[in-house]
Amino acid sequence: MDRWTNRVAVVTGASSGIGAACCKDLVAKGLIVVGLARREERLKQLKESLPADQQARFHGRKCDVSVEQQVVDTFAWVDETLGGVDVLVNNAGITTPSLITDADNAADMRAVLDTNVLGFVWCAREAFRSQQKRNVTDGHVVVINSVVGHKIPSVPGFNFKMYAPSKYAVTALTEVLRQEFQLKKTQTKITSISPGAVDTEIIDDKIREVLPTFPMLRAEDVADAVSYCIQTPPNVQIHELIIKPIGESF
């Protein structure tokens, strides 16, 4: 991880769960981290939870990644204030209660796609453009995907709604972006990390009721995987990493 010391990482969805764990881990390993989230108070609490000697390396910024202009403005701030983005950890993702076939569900459907798919597009675009402007040759884009972006399990009493289709889109975007990075003759890496169930706020209360003993990963397990992927040698790119807790039946 030495080559990333004092380099800049942007982590989306940083206010809780996997995003917060990634922020803590990357700051501890010497990176300057910009945590993006809609809940500004949570970002302040995250900074205060860090050891005193690490707090100066964490910057919380309120940003809704589903709003393109907010993403553009935030990455411009990173360029101007910190010199630009070297690593993007695109973690922001949501689910909603609505089934695809429910009436009057347009707002929920758009919210999932705007955050999980287009939010990733906006952030990856701005991170890559930041790297190109500075001739950065070793940038890395990491997206937190899901096992349901590869295969949708059948769970009695539970439905994955628009969340699963949005993660299939993320899987496709990972390959399309890899090809685009090559087309533009860069060495920028891209990695999709697809965990199984992770014990975070996104886990529906209903699935906890239906499967009370269901094994889950910790957010820190996924943060460890992010660090593993970004410290690979220059000639190695982990394109897809699927992580499951022991005993998962998916």
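Analyst: Two strands pair if DSSP finds at least two bridges between them. Helices (H or I, at least four residues) and strands (E, at least two) are DSSP runs, numbered from the N terminus. In this structure, β1 and β2 pair in the parallel sense over 5 bridges; within that pairing, V10 has V34 of β2 as its bridge partner. This is a predicted model, in which local features need pLDDT of at least 70 and side-chain atom pairs count only at pLDDT 80 or more, while totals for chains, interfaces and linings use all residues. Residues are numbered from 1 along each chain as its sequence is written, and side-chain values use heavy atoms, with hydrogens and water left out.

User: In what order do the 7 strands form the open sheet?

Analyst: The order is β3-β2-β1-β4-β5-β6-β7, with parallel pairing. β3 (58-62) and β7 are the edge strands with a single partner each, so one side of each has no neighbour in the sheet. From one strand to the next, the twist averages 15 degrees.

User: Which bridges join β1 to β4, and which join β5 to β6?

Analyst: Strand β1 (residues 8-12) is joined to β4 by 3 bridges, the two running parallel; V11 stands opposite V89 in β4. Between β5 and β6, also parallel, there are 5 bridges, and I144 has I193 of β6 as its bridge partner.

User: How many residues of β2 are buried, and how many of β6?

Analyst: Buried means under 20% relative accessible area, exposed over 50%, and partly exposed in between (1.4 Å probe, protein chains only). In β2, 6 of the 6 residues are buried, so the strand is largely enclosed by the rest of the structure. Strand β6 is mostly covered, with 7 of its 7 residues buried. On one side of β6 these are K189, T191, I193 and P195, and on the other I190, S192 and S194.

User: How is the packing of two helices described?

Analyst: Two packed helices are described by the angle between their axes and the distance between the axes. Axes are lines fitted to C-alpha atoms, for helices over the stretch in contact, and angles run from 0 to 180 degrees between N-to-C directions. Here, helix α4 (residues 106-133) and α5 pack at an angle of about 15 degrees, their axes being 9 Å apart. That makes α4 roughly parallel to α5, since angles under 35 degrees count as roughly parallel, over 145 as roughly antiparallel, 65 to 115 as roughly perpendicular and the rest as oblique.

User: Which residues of α4 and α5 meet?

Analyst: Contact means heavy atoms within 4.5 Å. Among the residues of α4 that meet α5 are V112, V117 and F120, and among their counterparts in α5 are Y163, V170 and L173.

User: At what angle do α3 and α4 pack?

Analyst: Helix α3 (residues 68-82) and α4 pack at about 30 degrees, with their axes 10 Å apart. They are therefore roughly parallel to each other. The residues of α3 that meet α4 include V71, V72 and F75, while those of α4 include W122, C123 and A127.
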